[in-house]
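Biologist: Could you walk me through this model, starting with one of the helices?

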Amino acid sequence: MATAVVAGAQGAAQADPPETTPGGPWGDGSSLSGVASYEEMWAILQKLEDRGAIELEAAPLQSNLGRDIPVVTIGDGPIPVMLIANQHGNEFMVSRGMMDLIRQVAGNDSPDNQAIRDALTVTIVPRVNVDGFDGGVTDEQGRTTPWRQNYDPTCEVGCDFWLEGRGYDINRYHSFSDSAYDNPYVEGDDALNEVPESISMRLLWDELQPVVMVDYHHQGTYVDEDGRMITGSIMWPNAVDTAAELGISEEFAETITASQRAASVMLQAVDSYGYANITRYPSTETPGIARNAYGLLGSASVLFELRGGIGQKSAGYIAKTASVTGYELLRSVADGSWETADLSVIENIRERGDYVGDPRGE
Ligand SMILES: [Zn+2]
């Protein structure tokens with residue numbers, strides 16, 4: 001079979017969402033509070049670069065609307081770390097979290113910041129899906145951004161099939177083979193990948209070879225057994241069948257453990273904040289998902305899903321959780337402590353509970 005259509009796992013919507021604590025009010029998920037537009041993001045980052053605080057460049061490929069994806073580099077240490085966010089255009093609060101993280105690490109000369117900048121080369125892509133966030137385009141049904149996919153109305157195979165004239169899910173098209181341009185759904189080596197944002201992230205990966213790679217998303221709203229709202233979910237690579245086919249099962253097992261140690265650091269970082277309630281993300285083994293693709297390539301790789309679709313007040317928590325977990329991870333990679341992070345935190349993590357919001361994740 002030449003190609004396969006990649007369908008998002010669409011569960012049936014639940015009629016009666018369970019009561020949650022806190023119980024609302026619910027926002028419609030479209031609040032852009034505190035989130036920079038495309039132009040604002042470039043302007044803010046440009047100012048930081050003018051001050052010498054960061055290096056700013058465009059990702060290797062532009063989006064389909066001809067827009068540049070901003071890539072920020074902080075520090076010049078020997079250990080490369082890469083964080084990306086907002087691959088899904090409607091999951092934008094994590095982009096604010098990454099902007100906060102950039103300001104923090106590039107900000108003052110605190111001992112922690114200096115240690116990070118000396119030990120690491122930190123690459124942050126705060127918004128991968130610039131078009132899906134505010135491309136100013138409409139799909140064939142007249143819907144406007146922000147939406148999940150990129151913008152590619154020519155997409156016929158492999159795009160989210162229930163949406164006409166929209167585009168691809170960027171987080172299904174990361175190549176895990178030798179070439180960044182490989183289409184993960186076409187057998188063998190090829191150059192048929194049609195998702196520039198995914199290719200672009202892989203080209204950056206090739207350039208940087210990050211030791212640790214983190215991908216931030218939003219998930220719908222879920223509750224745990226006690227009815228407490230789940231504020232996030234975390235997961236490491238699990239494409240074990242693909243690893244076996246590639247003959248790299250042993251290396252992949254080590255990568256999983258390293259990824260779990262990175263995840264442990266991030267979990268412990270938010271544990272000290274009373275509001276966090278993090279569970280394991282119930283993920284698939286799809287190899288073209290960033291979490292799996294970059295794990296198969298050898299990076300310790302973590303998916304962090306923060307609760308989305310909420311009102312303005314909680315939006316700040318999402319951004320904060322993203323920046324806090326990112327900062328603690330950078331600190332622990334800089335001082336090496338992540339390599340001995342407690343795995344019991346991962347072994348004891350709970351499964352995600354019942355769904356009360358948008359079912360599509362990762
Ligand atoms: Zn997502």
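Biologist: How far apart are the end C-alpha atoms of helix α2, and what should its residues span?

Modeller: This is a predicted model, and in it helix α2 covers residues 93-106, which is 14 residues. At 1.5 Å a residue they should span 20 Å, and the end C-alpha atoms are 20 Å apart, so the two values agree.

Biologist: How many residues of α2 are buried?

Modeller: In α2, 12 of the 14 residues are buried, so the helix is largely enclosed by the rest of the structure. Among them are M98, D100 and I102.

Biologist: Which residues touch the most other members of the largest nonpolar core?

Modeller: That core has 90 residues, and M98, I102, I234 and A262 touch the most other members. Helix α9, residues 312-335, gives the most to this core, with 10 residues. As a general point, nonpolar side chains tend to be buried together in soluble globular proteins.

Biologist: And what is A262 in contact with, leaving aside its neighbours within four places in sequence?

Modeller: Apart from those neighbours, A262 is in contact with V212, A300, V302, L329 and W338. For the chain as a whole, residues 24 or more positions apart account for 77% of the contacts with a separation of 6 or more.

Biologist: Let's switch to strand β8, then: which way do its residues point?

Modeller: Strand β8 covers residues 232-235, where G232 and I234 point one way while S233 and M235 point the other way, and all are buried. In general, side chains in a regular strand alternate between the two faces of the sheet.

Biologist: Which strands are joined to β8 by bridges?

Modeller: Three bridges join β8 to strand β9, residues 278-280, and these two run parallel, with T279 in β9 as the bridge partner of S233. Four bridges join β8 to strand β10, residues 300-307, and that pair runs antiparallel, with G232 standing opposite L306.

Key. Residues are numbered from 1 along each chain as its sequence is written. This is a predicted model: local features need pLDDT of at least 70, side-chain atom pairs count only at pLDDT 80 or more; totals for chains, interfaces and linings use all residues. A nonpolar core is a set of buried Ala, Val, Leu, Ile, Met, Phe, Trp, Tyr and Cys residues joined through C-beta atoms within 7 Å. A residue is buried if 20 or more other C-beta atoms lie within 10 Å of its own, exposed if 12 or fewer, and partly exposed in between; C-beta atoms are placed from the backbone. Two residues are in contact if their C-beta atoms, placed from the backbone, lie within 7 Å. The expected span of a helix is 1.5 Å times one less than its number of residues. Two strands pair if DSSP finds at least two bridges between them.
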